[in-house]
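I opened the model to look up how its parts meet and which local features stand out. My notes follow the structure.

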Amino acid sequence: MKSKKFPANAAGLREAARHIKSGDLVAFPTETVYGLGANALDERAVAAIFDAKGRPSFNPLIIHLPSLDAVRSYVMLNKTAELLAAHFWPGALTLVLPRQPNCPISKLASAGLNTLAVRIPGHPLALDFLEASGCPLAGPSANPSGRISPTTAEHVLEGLDDKIAGVIDDGPCKVGVESTVVGFKGEKPMLLRPGGVTTDMLEACVGPLAHHDDDDGAISSPGMLLSHYAPGCPVRLNAHDKQEGEAFLGFGQEQDILADINLSKAGDLTEAAAQLFAALHLLDERKVARIAVGPIPEIGLGIAINDRLRRAAAPRD
Ligand code: TXA
Ligand code: MG
């Protein structure tokens, strides 16, 4: 089945929602990256996500919901979660919370865990699509497992053409890195994945976060595989020079002289996050021998950017 591009208008959304209702997969834009949507109540549709992505079935999915009422009907929010939800939703934050008793969301979506990762996306079209579909949407990033996440409809089709019904095209994603994933030990919030909402922002709202590796390991994010976000070629980090055959991914004015692509000449981390995956996709297409990446400050959104780059550079199986 050739995948379609659905336009970001009422007719496009209606057609895309019809596919969701019949159990097909439709990729949709969010403020972070494009998600691969399926009806989260339909076990077979969810299974099709794992199949299309080649995703290990122990790696659970994020459930996208249109409102706090919808969130409450599926999971139990503690007081800290309520605070975070009030502050950051709709937005680039995912909360991992206990399922309500008899929660009807596919068990496969949460890989058999009794918790569920939920988020209200901060993108008007994603909210309209949820409304039109009339069901919760399971939505991992719309890329083959282990590869670079998509921030445009074209990236989605490069990786998943023929494997999905289509993609709703609403141009590039604003944030450019995935949502921050927060889990809880009791009411104590723990960072499971750095992302679009920075640790500073979270801590200003609810105080210090625990890091899950500081803890007893009872809560973890099974999807945090070391090799991920990987382009076709090797990646060398913290590069201060450009070697034979390399393309240089730079950041800031100082690295501009070396840079084949500069994530932000002005040294702006928000701009760099928004450009990151598109830059990796572009260098991937150029089939360079290796990508060298200059240093990026480990502060604010730089923490999520460096996390993704470390995984892009990690040894592959
Ligand atoms: O920005 C995003 O989060 C995007 C957009 C489409 O919403 N989605 C996304 O999904 O990045 P995905 O599947 O690529 O990443 C989901 C992450 C994984 O690291 C997974 O392990 C974690 O969330 N996760 C999901 N359910 C979990 C659970 N019950 N407990 C712990 N971690 C969970
Ligand atoms: Mg992903």
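**Domains**

I looked up the division of the protein chain first: domain 1 covers 4–216 and domain 2 covers 235–313, with bounds that come from an automatic or database domain assignment. I noted that this is a predicted model, in which local features need pLDDT of at least 70, side-chain atom pairs count only at pLDDT 80 or more, and totals for chains, interfaces and linings use all residues. Residues are numbered from 1 along each chain as its sequence is written, chains are lettered from A and ligands numbered from 1 in the order in which they are written, and side-chain values use heavy atoms, with hydrogens and water left out.

I took the centres of domain 1 and domain 2 over C-alpha atoms and found 26 Å between them.

**Interface**

I listed contacts (heavy atoms within 4.5 Å) and got 20 residues on domain 1 against 15 on domain 2. The two domains bury about 1,400 Å² between them, and carbon and sulfur atoms carry 60% of it. Buried area here is the accessible area (1.4 Å probe) that two parts lose on being put together, summed over both. On the domain 1 side, Ile148, Val177 and Pro194 lose the most area to domain 2, together 38% of what that side buries.

I then checked the charged pairs, using a side-chain nitrogen of Lys or Arg within 4 Å of a carboxyl oxygen of Asp or Glu as the rule for a salt bridge. Two salt bridges are counted between the domains. I also looked up Arg308, whose side chain meets that of Glu178 in a salt bridge at 2.9 Å, N to O.

**Pairs in the chain**

I counted 16 salt bridges by the rule above. I looked up Lys4 and Glu15, which form a salt bridge with their closest N and O atoms 2.8 Å apart. This pair links distant parts of the chain: Lys4 sits in strand 1 (residues 4–7) and Glu15 in helix 1 (residues 10–21), eleven residues apart. Helices (H or I, at least four residues) and strands (E, at least two) are DSSP runs, numbered from the N terminus.

**Backbone**

Which peptide bond is cis? The bond from Trp89 to Pro90 is, with omega near -5°. I placed Pro90 in the loop between helix 4 (79–88) and strand 5 (93–98).

I also noted Asn102, which is not a glycine but has a positive phi of about 60°. Asn102 lies in the loop between strand 5 and strand 6 (115–119).
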